[in-house]
Amino acid sequence: MTKLELEQFSTALKTISERVTQLKDSITTEEATKTSLIMPFFQILGYDVFNPLEFSPEFIADVGIKKGEKVDYAILKDKEPLILIEAKSVAEKLHKHDSQLFRYFGTTSAKIGILTNGDEYRFYTDLDEPNKMDRSPFFSFFVTELKDGQTTEIFKFHKENFDLVDISKAASDLKYLGYIKEFLTTQLNDPSEEFVKFIIAKIYDGVKRKEVIDKFTPVVKRGFKQFIAEQVNSKLTAALNSSVTSTANEEEEDKKSEFDETKIVTTEEEIEAFATTKLILKDTIDLNRIFYRDNRSYFNIIIDDNIRKWILRLYINHSRKYIILNDDAKTEIEIFAVTDIFNYKEQITPITEKFL
């Protein structure tokens, strides 16, 4: 895998993401999902979706005494199934549909099962018990909400890269990495008593009574978020070869006290958007004048901690991401990652200059 190949694949995957975002609200059936969303996805993975010797629709996977049971697609090699694919309508959630794939899995030689609705993809194998599909996926993602690192993992399933031995070895790491990230996300937003105890055991010598744990819980929460913000800012700064010193973490701590933390959670993506905007404006304004205000509807980036001097607003939900610029037209721009904000420096700079 070369860097160029990965970049080309990333571009193709972004096109699929845009396609799913554009079409999914107008698709209501499973068949339309297959032809409009799922087959194009496997095409960019290098498979000939119109060749039944490679990408077989309605693949027969007899289950026990039931004959003629069919899985939606099977990816074949030498006439043997490598991957089974069970498809659902993009309008459906996947959490109730893994039982069908579970039944099919043990009746074929396939070692990978994929459950998808064209937006969400769940990858399964048999880590827990040989020839029996695990109940939880080892890898999952939303095409419309791809995160850092996921493109590289998806690229491993490209026809030219696919190596069952390597994927099987990596599956366990991916599965438990997902569990770790899920656990850390939970602790980031709502630290458990056990987690707070673990942290303060390293930094506090006194008796860990209930009142001490309660006192440290918001401190641990802020410290956790501050650490993530520092890592994000450091990564962006290094990538741009910039000498900017970010004050996002200090500003975050100052601002948190103004809001009810049980209702508003400032996410890593929002902090990344804040850092990105500051990097854009490093030659335009003293960065200490740039602040943010978070609320449940959108994330505001402002000048002089004055809500009337807002530069842009970031909106993130499950279906799309977009920003609104504080120009005369209140221009709305759809983005696919918060770093896309870099592409609009020419629009953001004059908005900032009018507040100087």
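## A charge over a ring

A charge sits over a ring if NZ of Lys or CZ of Arg is within 6 Å of the ring centre and within 35 degrees of the ring normal. In this predicted model, Arg313 places its charged end over the ring of Trp310. The distance to the ring centre is 4.0 Å.

## Aromatic pairs

A pair of aromatic rings is described by the distance of the centres and the angle of the planes. Searching the whole structure gives 20 aromatic pairs. One of them joins Phe42 and Tyr121. Their centres lie 6.3 Å apart, with 65° between the planes. The pair is edge-to-face, because planes over 60 degrees apart count as such. Phe42 belongs to helix 2 (residues 30-44), while Tyr121 belongs to strand 5 (residues 120-124). The pair therefore ties together parts 79 residues apart in sequence. Phe42 and Tyr121 are both buried.

Phe123 and Phe157 also pair. Here the ring centres are 4.6 Å apart and the planes stand at 50°, so the pair is tilted. Phe123 lies in strand 5. Phe157 lies in the loop between helix 4 (150-155) and helix 5 (164-189). The pair thus ties together parts that are 34 residues apart in sequence. Both Phe123 and Phe157 are buried.

## The ring cluster

Which residues do ring pairs link into a cluster? The members are Phe41, Phe42, Phe55, Tyr73, Tyr121, Phe123, Phe138, Phe139, Phe141, Phe157 and Phe162. Phe42 and Tyr121, the edge-to-face pair, are among them. Phe123 and Phe157, the tilted pair, are among them too.

## Pro81 in strand 3

Pro81 is part of strand 3 (residues 80-87). Is Pro81 buried or exposed? Its relative accessibility is 6%, so Pro81 counts as buried. The cut-off for buried is under 20%.

Residues up to four places away in sequence aside, Pro81 touches Phe59, Ala74, Ile75, Leu76, Thr108, Ser109 and Ala110. Glu54 is 27 residues from Pro81 along the chain. Their C-alpha atoms are separated by 9.0 Å.

## Glu270 in helix 9

Helix 9 (residues 268-280) holds Glu270. This glutamate has a relative accessible area of 10%, so Glu270 is buried.

Which residues is Glu270 in contact with, leaving aside its neighbours within four places in sequence? They are Val265, Asp294, Phe299, Leu314 and Ile316.

Note on methods. Residues are numbered from 1 along each chain as its sequence is written. This is a predicted model: local features need pLDDT of at least 70, side-chain atom pairs count only at pLDDT 80 or more; totals for chains, interfaces and linings use all residues. Side-chain values use heavy atoms; hydrogens and water are left out. Rings of Phe, Tyr and Trp (its six-membered ring) pair if their centres lie within 6.5 Å; planes under 30 degrees apart count as stacked, over 60 as edge-to-face and the rest as tilted. Helices (H or I, at least four residues) and strands (E, at least two) are DSSP runs, numbered from the N terminus. Buried means under 20% relative accessible area, exposed over 50%, partly exposed in between (1.4 Å probe, protein chains only). Contact means heavy atoms within 4.5 Å.
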